[in-house]
Amino acid sequence: MHNVAHLQTFKSVALSGSVRSAAQFLGLSPSAVSHHLKLLEQETGLTLFQRQGRGLCLTDIGSAIMQDVDSVLDASARLNQRVSDLQENRIGRLSIGYFSTAGNSWLPELVSYLEHRHPATTVQLNLQEGVWQECPSDIQVVVADAPDASFPPQVTSTFLAEDPYVVAVPDDHVLADRSEVTLPEIEPFQWIDNDTGEGPCRTILFEACVRAGVRVHFKHEAHSFMTALHMVSRGLGLTILPRLGIDPLPTGVTIIPLAAPTPTRYIHALSDPGHPQQDLIADAVSALRDLANDGVCNSDSDRGSDRGSDRDRNSDSKSVIAS
């Protein structure tokens, strides 16, 4: 790939027929223009100009490549404009990718916080379920199977919270009064699926079942936590899901913690170190971490009374459990 500046000099001299005129147009010295032409001819191994009186004109070879030079310069101009547009769009704009349960619990509060702290900033929320994708958003909230998960070097990762799995059963289920249950204990009952594909949430559960020697079997299939929870409320079976996914809890459903070793998903915030407003990124990630930690503390404090408190939350949309 030839130096774009050299190609710009080539075109300017070709159009003006003069090194001095091209230098004035480009804001360069005549010696710099002559040097560009010399380097370009050395790089190509071609004679591109010839003397004509006191000026220069293209050789036949120079004329032959003129159209291609124009194409390269046009593409370069479009690229520069695109970069400029992207940079301008990222000033005063923050895009946040999230999975649905994080969106329900944290994102409204985060956007409200940013609205007050950074009123000139427009926040764009992008629902991005499934595995991590390469920098589709300035900040992306993702699920991993470890608190110290490895991510590609082009992103900055911040651990937010751990999200243990729980079991949702009908209120009149034989296990509903238990303070905790194990995976082997719930194996004999009807299970309701609540996920789709082979994303990290499903993988974490399946791997925990393998370690416990439990066969995964689904009587019914749903593709969302909320749908599965409503099926549980109808007495159609039980479902296993991250604790962050139980809010809001339908009437008639009891939540039971899974005994250790508990399948757990770990939530991270990935951010773009190349974003032009790093102070904004840092503030948003810090607020996310505070929201996540507040939710974890609240959920840990009332695990011993899940059955009663979960039913009480049906009349209160502002659940104290945010994780």
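**Figure 1. Aromatic pairing between Phe159 and Tyr266****.** The structure holds 4 aromatic pairs, where rings of Phe, Tyr and Trp (its six-membered ring) pair if their centres lie within 6.5 Å, and planes under 30 degrees apart count as stacked, over 60 as edge-to-face and the rest as tilted. The ring centres of Phe159 and Tyr266 are 6.3 Å apart and the planes stand at 45°, so this pair is tilted. Distant parts of the chain are linked by the pair: Phe159 belongs to strand β6 (residues 156–170) and Tyr266 to strand β11 (residues 264–271), 107 residues apart. Strands (E, at least two residues) and helices (H or I, at least four residues) are DSSP runs, numbered from the N terminus. Phe159 counts as partly exposed at 34% relative accessibility, whereas Tyr266 is buried, with a relative accessible area of 17%. Buried denotes under 20% relative accessible area, exposed over 50%, and partly exposed the range in between (1.4 Å probe, protein chains only). The model is predicted: local features need pLDDT of at least 70, side-chain atom pairs count only at pLDDT 80 or more, and totals for chains, interfaces and linings use all residues. Residues are numbered from 1 along each chain as its sequence is written, and side-chain values use heavy atoms, with hydrogens and water left out.

**Figure 2. Aromatic cluster of Trp191, Phe206 and Phe218****.** Ring pairs join these three residues, Trp191, Phe206 and Phe218, into a cluster.

**Figure 3. Salt bridge between Lys11 and Asp70****.** In total, the structure holds 5 salt bridges, a salt bridge being a side-chain nitrogen of Lys or Arg within 4 Å of a carboxyl oxygen of Asp or Glu. In one of them, the side chains of Lys11 and Asp70 meet at 2.9 Å, N to O. Lys11 lies in helix α1 (residues 4–16) and Asp70 in helix α4 (residues 60–90); the pair thus links distant parts of the chain, 59 residues apart. Lys11 is partly exposed, with a relative accessible area of 26%, and Asp70 is partly exposed, with a value of 23%.

**Figure 4. Salt bridge between Arg117 and Asp283****.** The side chains of Arg117 and Asp283 meet at 3.2 Å, N to O. Because Arg117 lies in helix α6 (residues 107–117) and Asp283 in helix α10 (residues 278–301), the pair ties together parts that are 166 residues apart in sequence. Asp283 is buried, with a relative accessible area of 12%.

**Figure 5. Salt bridge between Arg202 and Asp193****.** The closest N and O atoms of Arg202 and Asp193 are 2.5 Å apart. Both Arg202 and Asp193 are buried.
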